[in-house]
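Dear colleague,

Please find the sequence and the model directly below.

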Amino acid sequence: MGYYSMSAGKPLTTVWEGTDADLMPILVPFWARKDPAEGLEILDITYGTGKMWEKWPDEWLSPATNDLYVAGPDRWGRYLSRFDYGALPPPNELDYFDVIVFDPPHFGDKGTPHARGLWTEKYGDGGRDVTAGWREFLVSAATRVKPDGIVIAKIADQVHSGKQQMQTVQFMNWAAEVGWRVCDVIIKVRKAPGPSNWKTPLHARRRHSHFICLRRGC
């Protein structure tokens, strides 16, 4: 199992400076503690256009999806505005999973000064609480994982209305409340920060997010 923790000959550390697609074939088997060649069952409920899985080996079982993403007339498509993350199919309709992947969209405020329409069009109503439904997802996911199954979540902190929103902390607190245990965290760093529409920045530009591993017990 050790080679799953290797990338270009180096051990997997708590900071990742590559792409999501490069990370997933290393991270998923490392955290799941299983060999994907033996049929690792994965459910990605925020699959979108599948960029996260572009380098997932063809010989491994492809992720199942219960997606909230709706293809649109342009290249973006959009997510359903209701973001009903807790609405996973009941157990009698699908098998239980080794891994459930959760990568919710993050976006700025609708109506932010100088804001463009891209994020609102892509992700729905940007004026709502972006964490709505996250706790419900954590409750629902607990009914769908195998006894040794995990959740892999990609969460980013945000600045909304000029205030820091520590959404990573909120997610982990909710996870603990409903019986999950945070077992590992990797900080994923990108080359440049995301777009900003503020003429006068109030906070440091963020260029990292967190991959979080949850288990029912470590």
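What follows is a short account of what was found in it.

Please note that the model is predicted. The protein has 218 residues, of which 43% are buried, and its secondary structure consists of four helices and 13 strands. Of the contacts between residues at least 6 apart in sequence, 69% join residues at least 24 apart. The accessible surface is about 11,500 Å², with 51% of it belonging to carbon and sulfur atoms.

The largest nonpolar core contains 22 residues, and Val28, Val99 and Phe211 have the most contacts inside it. At least two residues each are supplied by α1 (20–32), β8 (97–102), β9 (145–155) and β13 (208–215); the largest share, seven residues, comes from α1. Apart from this core lies another, of 20 residues, including Ile100, Trp134, Ala175 and Trp180.

Six aromatic pairs were found in the whole structure. In one of them, the ring centres of Trp53 and Trp56 are 5.1 Å apart and the planes stand at 85 degrees, so the pair is edge-to-face. Both of these residues, Trp53 and Trp56, are buried. Phe102 and Trp134 also form an edge-to-face pair, because their planes are at 85 degrees, with the centres 6.2 Å apart. Since Phe102 belongs to strand β8 and Trp134 to helix α3 (residues 134–141), this pair ties together parts that are 32 residues apart in sequence. Ring pairs join Phe102, Trp134, Phe137 and Phe171 into a cluster.

Finally, two charged ends sit over rings: that of Arg144 over Tyr96, 5.8 Å from the ring centre, and that of Arg216 over Trp180, 4.8 Å from the ring centre.

Yours sincerely

Notes: Residues numbered from 1 in each chain as written. Predicted model: local features only at pLDDT ≥ 70, side-chain atom pairs only at ≥ 80, totals over all residues. Heavy atoms only, no water. Buried < 20%, exposed > 50% of the residue type's maximum accessible area, 1.4 Å probe, protein only. Contact = heavy atoms within 4.5 Å. Areas by Shrake-Rupley, 256 points an atom, 1.4 Å probe, with all protein chains shown as cover. Core = buried A, V, L, I, M, F, W, Y, C linked by side-chain atoms within 4.5 Å. Phe/Tyr/Trp six-rings, centres within 6.5 Å; stacked < 30°, edge-to-face > 60°. Lys NZ or Arg CZ within 6 Å of the ring centre and 35° of its normal.
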